[in-house]
Amino acid sequence: MSPSVVEAPKFSVSFFHPRFWLTWLSIILLYTISWLPYGVQRYIGKGIGKLLSVLAKKRVQIAKRNLALCFPEYTPEQREKMLKANIDNAGMAVLEASMGWWWPTWRIKRMSEFEGYEHIEAILAKGKGVLAYAIHNMNLEFAVRVAGLRNPSVAFYRKHNNPLMEYMQYHGRNRSNKYMVHKRDVRGLIQALNEKEVCFYLPDQDYGRVKCEFAPFFAVDKAATTTGSLLFAKEANCETVFLASIRTATGYKIKVLPGLENFPSGDDKLDVARMNKMVEALVLEAPEQYLWMHKRFKTRPSKDEPSLYD
């Protein structure tokens with residue numbers, strides 16, 4: 001196995017120190033809730049959303065601003081309705097993470113479906129790796145577990161600052177997936193693709209000025225968009241697909257769409273614009289479930305240009 005693989009954290013007796021007691025209380029509470037009927041969890045998720053609207057007001061304001069920037073054609077009432085639904089989904093996302101980490105396989109399968117998996121199978125049949133561009137829908141933790149049941153995958157990994165939560169997060173995410181590489185280990189992900197793995201990459205956040213182009217994203221004409229997503233497609237023996245996870249009336253659907261043709265084309269600005277269009281299409285499948293609570297447009301084309309979030 002590649003030396004870039006993130007090593008599994010080991011359980012430590014230090015986790016019983018009083019400084020971790022509040023973390024333990026949260027873990028026990030979430031684990032207990034995860035065994036409740038799904039309908040009850042949906043109800044609790046909405047309650048957590050109401051709590052977040054009070055405790056995370058800055059994040060709520062960011063989501064409100066993003067919706068105004070992206071959907072200026074909507075009425076204030078329409079955006080307010082979407083914002084409320086988004087907050088409800090943010091509350092449910094807390095429980096969806098615990099579902100992804102701790103639900104037994106039989107329960108995961110009963111609550112999920114995979115649409116478009118043939119696009120992944122077709123690439124693997126060619127003897128190539130699969131670079132799956134996923135979007136930041138808030139049930140992504142659960143979706144990665146679902147996807148791993150069809151084909152164990154590889155993804156970038158960012159360690160948690162809390163050692164106990166890092167232990168839980170790593171082992172939860174690794175239940176049905178192959179291994180993870182450090183979030184900055186570009187060579188590691190390229191190697192995994194060359195070894196014909198299914199790898200996930202999320203291209204839809206603002207990663208700053210390094211390796212980025214400014215391209216339209218919804219109604220924002222110049223959104224900082226990473227060109228890192230193009231690097232893997234250029235350097236590795238792989239083909240691409242797009243993936244979104246959507247909560248439905250009966251459970252969860254993982255939707256896979258085929259990758260873009262002639263991609264990458266050699267024109268980075270054109271390619272990231274095409275990438276953003278695909279992301280938009282997947283967001284619009286369930287816009288209330290997208291992660292609007294991050295500053296997607298924090299980097300502006302000019303350092304002198306005022307922030308869109310002031």
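Y133 is buried, with 0% relative accessible area; buried means under 20%, exposed over 50% and partly exposed in between (1.4 Å probe, protein chains only). This is a predicted model: local features need pLDDT of at least 70, side-chain atom pairs count only at pLDDT 80 or more, and totals for chains, interfaces and linings use all residues. Residues are numbered from 1 along each chain as its sequence is written, and side-chain values use heavy atoms, without hydrogens and water.

F242 also counts as buried, at 1% relative accessibility. The Y133 and F242 rings form a tilted pair, because their centres are 5.3 Å apart and their planes stand at 45°. Rings of Phe, Tyr and Trp (its six-membered ring) pair if their centres lie within 6.5 Å; planes under 30 degrees apart are stacked, over 60 edge-to-face, the rest tilted. Y133 sits in strand β2 (residues 129-134) and F242 in strand β8 (residues 238-247), 109 residues apart. Strands (E, at least two residues) and helices (H or I, at least four) are DSSP runs, numbered from the N terminus.

The count comes to 28 aromatic pairs. In one of them, F71 and F218 have ring centres 5.0 Å apart and planes at 55°, so this pair is tilted. F71 lies in the loop between α3 (57-70) and α4 (76-102). F218 lies in the loop between β6 (212-217) and β7 (220-226), 147 residues away. F71 is buried at 3%, and F218 is buried at 15%. Ring pairs also link F71 and F218 into a cluster with Y74, F217, Y290, W292 and F297.
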